[in-house]
Amino acid sequence: MMQVRKIHVSTTVNGEPREFLCEPGQVLSDALRNNLEMTGTKEGCTTGDCGACSVLLDDALVCSCLVLAAEAEGRRVATIEGVAQDGRLHPIQQQLLEHAGLQCGICTPGVVVAAKALLEENPDPSEEEVRFWLAGNLCRCTGYDKIILAVLAAASEIRGA
Amino acid sequence: MNDSVKTDFKYVGTRPVRPDGPDKVTGRAKYGADLNLPGMLHAHYVRSPYAHAVIKSIDFSEALKLPGVIATMTGEDLPEPGDKLMQGAEIEMKLSDMAPVVMARGRAMFHGHPVAAVAATSASLAAEAAALVRVEYEVLPHVIDMHAALEDDAPLLHADLITTGLDPAPTVPSNLSVDLALEMGDVDLGFADADVVVERTYSVPMCHQGYIEPHAAIASADETGRVEIWCCTQGPFMVRNFTSQLTGIEPGKIKVTASEIGGGFGGKTTVYIEPVAAVLALKSGRPVKVVLSREEVFRATGPVSCSETRVRIGAKKDGTLTAIDIDIVMDSGCYSSSSIMPATMFGAACYRCENQRSRGREVLTNKPRVWAYRAPGAPQSIMAVECAVNELAEELGIDPVDFRLHNAVEEGDIPVFGLPFQAIGYKKALQAAKEHPHYQAPLGPGQGRGLASAFWINSGQQSSATINIALDGAINVLTGNPDIGGSRASMALLAAEVFGVPVETVHPTVADTDSVGYCDGTGGSRTTLATGGAVIQAAEKLVLELRHRAAAIWGVDLDEVEWVDGKAVARTTGDLENLMDAGAAVQLENREMSLVELAETSGATGGPLSAVASLHAHNSAPAFAINICDAAVDRETGKVDITRFTCIQDAGKAVHPAYVEGQMQGGAVQGIGWALNEEYLYDENGVLENPGFLDYRMPVASDLPMIDTVIIEEPNPLHPYGIRGVGEVPICPPMPAVATAVNRAAGTALYDLPLSPPKLLAAIDRAVE
Amino acid sequence: MSLVQYSAPSTLAEALQALAGGAANRPLAGGTDLLVQVKLGLRDPQHIVDLKRIPELTALTLDDNGLRLGAAVPGAIVTTNREIARIYPGFTEALGLIGSSQVQGRCSAGGNLCNASPAADCVPALIVNRATCHIAGLGGERTVAAEDFTTGPGTHCLEDGEILVSLELPRPAPRTADAYLRMIPRTEMDIAIVGAGVALTLDESGVCTDARVAIGAVAPTALLVPGAAAALIGTTLDEDSLRNAGYAASGAAVPITDKRGTADYRRKVVGVLVRRAAAIARSRIEQPT
C-alpha cells in the first residue's frame, strides 16, 4: 500500500471559511458529510445519477459526488444547510411542506438545492422546464407530481414577493 | 355501516404540514448513513465474483497485514441456522433461507453474494483490505432463467429441496420450491359455458424497489455484550428479532434505533447488513458502520420476482364471467421467500366468478433472494388478469368499466382465497372512473387508453403507542414505526382528533425498541390502521383519565364529565332537583377545564398523564384501486410517452389526504417504470449488467405527466375511524393499464414487459407484417 | 483505489509536465465520466491532474471565425449562451443532452470526446460542424479533425501525456444549420441508443448545396456518413431524399446488440433520426428564430 498523503483544503461553505483534510480520491459529498459533518447533502448513488448530493460549486449546480473534495480549494460551495436563512425556510422548502412534496425525504435536500438554482436562473419556469431541470433528481416516492407543484408555487410566490 | 365507526372529523382529513417536515427540507433529519460514532470502524464486503460456487477457503492474512484492519467476518460467525422458522416474519420462512442471505456459508449462490467482511479504521482502508482477502472458489454451473431452472438437467441450487404444496410430495429434489393451487366451482364447466374465451401469457421482469437511500447501519457493543444498532429500516423491532435469530445475540440485549428512512417499499422489511455490523462490533469492541453502495444495493438486496402468467378467462355474451384460470410462475432467486402465495390468491380478486382455479409455482435461480415490493406478488398476477379482462371486454364490445361493474365483487362475495368481503369501495371506485373527465376525454392521434383495477388485502399486525402529556398540554406520541411517507402526520392527526386539540400541539416520535412497546414494521399498509389504532386507544385512555381528574376536582361522578373539543365539561343535565342546591348546579354547569389546565395541575391530581396501548389488529380491510392511462407511441422508434394518468382508490378514510394521494402517485409511477423500462439484465455469467441508476431506468421527472388522483372513502367497518391501508395497492393496476394503453396505441399485442423501445418497435414491425 | 495524488496546475506547461509520467496520470476535466469510472473500479489512476485551472482549457471565444471552446468549459456555460445556440443549435442541443442539470455544471464537449464513448452525444454534432481538436503535448501542438479523434470504444488519438486543449467550430456558411437527435428510452438521464447529427446548407431556392451527416452509438466510433450527405446534396430535401439519407445511414451503421438496444433496432432507428434531424435542420434554415 502506498502511503496516501492527505490534502489540506481551504474553501468557503455557505459563505463561511472552512478547512479540512481529505484523501486525494475523496469526493466532495463525502468530505461535506464526514469531514465537515454536514449530512444534509445525501448520497444515493455516488455516480451522478440521483442528484441527492446536489450543491452549488462557484454558483454552478453540480453533483458533489462527482467533484473531488480537493477541487473545492479556493472555491465557494453552497449546500442545503445554507438555504434556510435567519430561521426562515426558503419558499421552495415551505411549498414542499405545504404540498406534501416529500415522503421519505431523502431526495428533498437535492431537490431544494436544484430547484433554487433553477428559479434563480428562470423565475417563471413552465411545468415542462421544471420537469426537465429536475430530471437528475430521482424521487422514488412521490411520482414527482407534488414536487413539481411545489416548485411552481414557490416560483409564483417569489415572483409575487 | 357499523355505528361505532366515526364519520364526523375535525382534524382527520385535513392537510397540515408534517411534524418532521422542517427537518427534512433543511437537511437536518438524520438518515441511516448520517451518524458517525467516535472510534468507529467501517466495514466492507467481499462478494462472490461467481453466480454459483463452492467457497473452499477464505484467507484474511494479507488483509490483516494492513495497519488499521481490525476485524473480519464470514458466514461461520453466524450460528448454524438448522431448520428453525423465523420468528416475527410476515410469511412463514426458514432461518436457513434467511441466514445465508446475510452472508454465504459454504456456497455462493449468486454474483455479488456476501462472502466475508472486514472492518477497518477508514472506509477506503476497509475497501483496500477487502480486495486483499483471498477466497478460493470451486465454480459450479449456474442457472439464471427460471424456465431453464425447471428443466430436468438444470443445475440444482439445493440438493435437499423438495417442492412444498404437492400431495404426495415429490421424491426427488428440484428447483421448484413451491407448487400450490386454489380452486372453487368447476372451471372446466365454466369454460364450456363461455361464449368467448381469452387465453394469453404475460411476463413481468425482475425489478428493484429502487429506494434512493442505500442500506446503512452502525452497531456498537458494550462490555456486557449489549448491542445497539442504528439503521434505516422499515421495522426496528424486526431488526432486533431477525438480528437476534441470525447472530444468536439475545433479543433483550439488542436495542435498535431507526434512523429516518430514505424509502423502502418493502425492501427494508428485512435485514442484510445489521447482523454483520453487530457481529463485527462484538468482535472488535468498536462501533462498526456499514453503508452499501448503490451497486451493492442492486446486486444483492431486494429484487422483485419476475413472473410468467398464463391466464384463461371466459365470459358469456352479456359479459358475465364464467371461469378464470391462472397459472403463475415466479422467480424467487436463490432462496424461497417470494410472494407466490399472494400472487396466486389475489390475481382475480376483483371479480365475482364462481369457477376459479389458480396455480402458483415458485422457482429458485442463481440470483439474489427476492423480497417484498409494495403489494408483494399481486402486481405480477393482476397484470395478467387485467390485460385479459380488457381483451375480453373489447372482444365482447363492452366498455371496460361496464364489464367490471357487471362482474365486480361486493359485500358478501367470497373470493377464491375464501375470506368473504365486508363493505368495500370497488364499485364506487369504478363509478368514479367512469365519470372522471379523463375517461370521457377523446384520445389524441396515435394514443391509446388502458384501464385496470386491482385488489390488495392489506394487513393489521401488532402495534403499540405511548402518549405522554407535558405540563403545558403538549402531547407526545411515541410509536415504533419509522416515518417513511408522512406517518408522523397521521399519528398527530389521530391524536388531535381524539383529544380535540390542534394538531400542532401533538408531537409524534419514532422511538427506539427500548422506549416503546412492540410494533411490527412500517409495511403492509398497516401503520395508519394499526399503529394509528394504538394511538387512538392510548389517547382514549388519556381522555378517560382526564375526565377522572376533572370529576375529582369538581367532586362529581365521572359520567357527569364530558370531553368536548379539548376540554372537560360538566354535563348540563337540567336535573336540578337531584343536586344539593340550585346555586351549585349553576356553578357546575359553567365548569370546564381545558387539557392545558388539567395538565398544569396533573401533579396534584394524580401524577403524570401517560398512557400506553398495544394491540394485535385484526381489523384490516382490503383496498381497491383503478388506474386510467393514456399513452402515445412513436411508431418509428417504439418510444412511449405517458400523456395522462389517473388513479382512483378507496382509502376507507384518508387521514392526511395529501399523503394518501402521494402513495397513489408514487405507486403509479413505480408501476409505470416497471411496465416501460425497469428490468434486471443478466449476462451469460449470471452477472447483473445494469446495477446503477443509469441503466436501471427508473422514471425521471420529465418522463411523466401530472398524476391525477381521486380518493374514494368507503369506511372500513372494522376500524373505529374507518381506515383502510393505502400504501401497497397503488402498484397493482399501473402495469396492465400501461400495457393496454401502449398496445392499443401501437396496434400490437406485446405482453412481455417491459415495453422498452427495441421490443416495442419489433412488435410494431411484426404487427405491420 | 490507488489514487495518491491530486494536482491542479494553473498553466498548460505545468499540466503537461504532471501528465508526462504515463497512463497512471489522468487528466480531469468535469469528471462526470472519469470519477464514475474510478468509483466503479473501471479505472485506477494514481495521479489526477485537474485541468480546470488552466486558462486555455476554460476559455470560450465566439467571433467571425467561429467558436473556440476550451476542452473543459462546462456544458451549462455553452448551452446558456444564446449566440452559440443560435449559430450552432444542433451542437448546443447535443451538449445539453449530456446528463442532468447537475452534470451540465461539469461536463464538457472536450471531455465527451476524450471519454470516447461510441454513444457520446457531442461527437456527431462536432463532426457535422467540421470541428477541429487542438492538442498539446510536450513535443508540440497539433490539430485533428473531430471525426478522426476517437479511434474506438474508449480509445482516442491522444498519446500519453497529450492534452486536448480546445475545440474549434468554424463559422457556418450562410443558410446553414445543424440538428442533433438521439434515441433514449426515457426523456433524460440515459445514454444514447442511437444518435444522429446533420448540418445542411441550402441555396436561396432551397436546394441543398452542402450536407454533413454523422451518426452515433451504431459503430465503434461516431461515423461521418458521406453517402447520407450525398443523398441530400442537390435535392430540395423532399421526403424521398430525406428517406434516402436515412437508408444510407442505416447502411453505414455497424451496430452491436447490448443491454441498451439491439443491432436491428439501432440500424433501423438511426435512419429515422437522420431523416428527422435533416428535416429539423432544414426548418431552421427556412424559419430562422
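Predicted model: local features only at pLDDT ≥ 70, side-chain atom pairs only at ≥ 80, totals over all residues.
User: Why are Tyr202(B) and Tyr751(B) called an edge-to-face aromatic pair?

Analyst: Rings pair if their centres lie within 6.5 Å, and planes over 60 degrees apart count as edge-to-face. The structure holds 19 aromatic pairs over all chains.

User: What makes the pair of Tyr202(B) and Tyr751(B) a link between distant parts of the chain?

Analyst: Tyr202(B) is in strand 8 (residues 196–204) of chain B. Tyr751(B) is in the loop between helix 21 (734–746) and helix 22 (757–768) of chain B, and the two are 549 residues apart. Both Tyr202(B) and Tyr751(B) are buried.

User: How do you know how the rings of Phe346(B) and Phe417(B) are arranged?

Analyst: Phe346(B) and Phe417(B) have ring centres 4.9 Å apart and planes at 80°. The limits are 6.5 Å for a pair and over 60 degrees for edge-to-face, so the pair is edge-to-face. Phe346(B) lies in helix 10 (residues 340–346) of chain B, while Phe417(B) lies in the loop between helix 12 (400–407) and helix 13 (426–435), 71 residues apart. Both belong to one aromatic cluster, whose members also include Trp456(B) and Phe624(B).

User: Are Phe346(B) and Phe417(B) buried or exposed, and what decides the label?

Analyst: Buried means under 20% relative accessible area. Phe346(B) has 4% relative accessibility, so Phe346(B) counts as buried. Phe417(B) has 16% and therefore counts as buried as well.

User: Why is Arg47(B) described as sitting over the ring of Tyr45(B)?

Analyst: The rule asks for CZ of Arg within 6 Å of the ring centre and within 35 degrees of the ring normal. The charged end of Arg47(B) is 4.4 Å from the centre of the Tyr45(B) ring, and sits over that ring. Arg312(B) likewise lies over the face of Phe191(B), at 3.9 Å from the ring centre.

User: Why is Asp20(B) with Arg488(B) called a salt bridge?

Analyst: A side-chain nitrogen of Lys or Arg must be within 4 Å of a carboxyl oxygen of Asp or Glu. The closest N and O atoms of Asp20(B) and Arg488(B) are 2.9 Å apart, so the pair qualifies. Asp20(B) lies in the segment before helix 1 (21–26) of chain B and Arg488(B) in helix 15 (residues 487–499), so the pair ties together parts 468 residues apart in sequence. Both residues are buried. Asp20(B) and Arg488(B) are also linked in a network of salt bridges that includes Lys24(B) and Glu260(B).

User: Why is Leu78(B) called buried?

Analyst: Leu78(B) has a relative accessible area of 3%, and the cut-off is 20%, so the label is buried. Leu78(B) is found in the loop between strand 3 (69–74) and helix 3 (95–102) of chain B. Leaving aside neighbours within four places in sequence, its contacts include Met73(B), Ala99(B), Leu246(B) and Val279(B).

User: What makes up the interface of chain C and chain A?

Analyst: In this interface, 28 residues of chain C are in contact with 30 residues of chain A. The area buried is about 2,300 Å², of which carbon and sulfur atoms give 64%. Val4(C), Tyr6(C) and Gln102(C) supply 27% of the area that chain C buries against chain A, more than any other three residues. The rule finds two salt bridges across this interface. Glu71(A) forms a salt bridge with Lys52(C), since their closest N and O atoms are 2.7 Å apart and the limit is 4 Å.

Notes: Residues numbered from 1 in each chain as written. Chains lettered and ligands numbered in written order. Heavy atoms only, no water. Phe/Tyr/Trp six-rings, centres within 6.5 Å; stacked < 30°, edge-to-face > 60°. Helix = DSSP H or I, 4+ residues; strand = E, 2+ residues; numbered from the N terminus. Buried < 20%, exposed > 50% of the residue type's maximum accessible area, 1.4 Å probe, protein only. Contact = heavy atoms within 4.5 Å. Buried area = accessible area lost by both parts, 1.4 Å probe.
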